[in-house]
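User: I'd like to learn how to read sheets and helix pairs in a model like this. Can you walk me through it?

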Amino acid sequence: MDTIVALATPNGRSGIGVIRVSGDESIRVLGGLVRDENLRPEARKTVLKKIYDHEGEIDEALVVCFFGPNSYTGEDVVEISCHGSPVLLKRVLEICLDHGARLAEPGEFTMRALANGRMDLSQAEAVRDLINANSLAMTRQAVRQLRGEFSHRLTPVKDELLDVIVVLESALEFVEDDLPEVEVRGLLDRLSGLESRLLKLADTYSSGRILREGIRIALVGRPNVGKSSLFNALVGEESAIVTDVPGTTRDQIKENFLIGGIPVALIDTAGLRETEDQVERIGVERSKRAMADADLVLVVLDGSQDVGIEDAGIIDDVEGLRSIVVVNKDDLFDKPPNLGALVTEEAVIVSAKTGHGIDELRSSILSMFATDDGGENALDGFLVSDARHYDLLKRSAEGVSEARALLAEGKSEEIVLIGLHNAIRYLGEITGETTTEDMLTRVFSTFCIGK
């Protein structure tokens, strides 16, 4: 297999730039760089070496060698920490190429780790997720997957699936009569339990997607209820213009920030009301689209005024959507308005001006996405965050469900086994055991070069 080389740190000027080499010729390539053809480095020992091109010394670098199979890729690996000049790093790469290495493809180091049994495919994808994480919460999830937690959860499911398959295959080959009814009931119970476990794991995707992509929140309400003030209070800075003039916000304003470590995209929308102003009317239409696209809608009411027809209409509009009613301007009233039958859930009382209730609102937002059933689906539990994994888990569960239904109907073992073989194949695609070359190419094309 070719020896590959790539810059493992981002492009640009920096204090240090790391170049990674992997393959059977890694030590020989390093020997060419340091002008020592008889180089015999010690494993995992960092040493200071002078780097040369054909004209002479160009840098001093820290060099560490890892010998296969005890390395990231499972091959001999060399990591060279040079000074972070783009010109220098480019020259070191060129010298490595001159000594027989080739430039690595995106994700090729991790693909070699997969090929050499250093990790499975779900762990390899966790490497990408860890690099791309935009919050500490997503970082923690990626580390758990990188440590093999996802694979460990799938292993007993796959083992039990295989046990059921063996029973049915044996019956198909060696038993002339139908399976005894008591054994069929036992298999049905086992398949029901397997389907439940797969669906339970798949159901964590709704929260896992939030960690990966963030929560998209739309602030809606009639004009002058304090949406822009609430927007600024949640974001923590004066991003939206605040005036006493109704209809100040005519277009969407969006800010990204974190709530409890979860990425949030907050959208301040134009006030919802009937208007003859063409520009404001366009803003109202955009507000309605933002409501439909949001993961959560915050319906803002002015607590210092009676709830009006427009407020009631907005609350009706969000029926069926995940929403929280926020009663603003707590600093202007002694007792919140009676919302009566308008609101089925308890409203959150806040003052965007004084900050009262803002922390409670943040907690309410997070609670909308944390379904706690003993820790499995909570935002701090292990979550499926990749759409590919979610799709394969659902397909596997469907295969088990189809097999269970056919077995209950008394269909032949040969027919029942089709769904079970599909289920085990889908689970194998998550960890890379049954993944096609085309799928691997698509997965690793999303990686950065040098990882």
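Predicted model: local features only at pLDDT ≥ 70, side-chain atom pairs only at ≥ 80, totals over all residues.

User: What is the strand order of the open sheet here?

Analyst: Six strands line up as E8-E9-E7-E10-E11-E12, and the pairing is mixed. Strand E8 (253-259) and strand E12 (348-349) are the edges, each pairing on one side only.

User: How many bridges join E8 to E9?

Analyst: Seven, and the two strands run antiparallel, with E9 covering residues 262-268. For one example, Ile253 has Asp268 in E9 as its bridge partner.

User: Which helix packs on that sheet?

Analyst: Helix H12 (residues 358-367) does, touching E7, E8, E9, E10, E11 and E12. The direction of H12 makes about 170 degrees with that of E11.

User: And how do I describe two packed helices?

Analyst: You use the angle between their axes and the distance between the axes. Take helix H13 (residues 387-408) and helix H14 (residues 413-431): their axes come within 8 Å and cross at roughly 165 degrees. Angles over 145 degrees count as roughly antiparallel, so H13 is roughly antiparallel to H14. The crossing of H13 past H14 is left-handed.

User: What residue classes make up the contact of H13 with H14?

Analyst: There are 13 nonpolar, four polar and three charged residues. On the H13 side you'll find, among them, Leu392, Gly399 and Leu406, while the H14 side has residues including Ile415, Gly419 and Tyr426.

Notes: Residues numbered from 1 in each chain as written. Heavy atoms only, no water. Axes fitted to C-alpha atoms, helices over the stretch in contact; angles between N-to-C directions. Helix = DSSP H or I, 4+ residues; strand = E, 2+ residues; numbered from the N terminus. Parallel < 35°, antiparallel > 145°, perpendicular 65-115°, else oblique. Left-handed = near helix turned anticlockwise from the far one by under 90°. Contact = heavy atoms within 4.5 Å. Nonpolar A, V, L, I, M, F, W, Y, C, P; charged D, E, K, R; others polar. Pairing = 2+ DSSP bridges.
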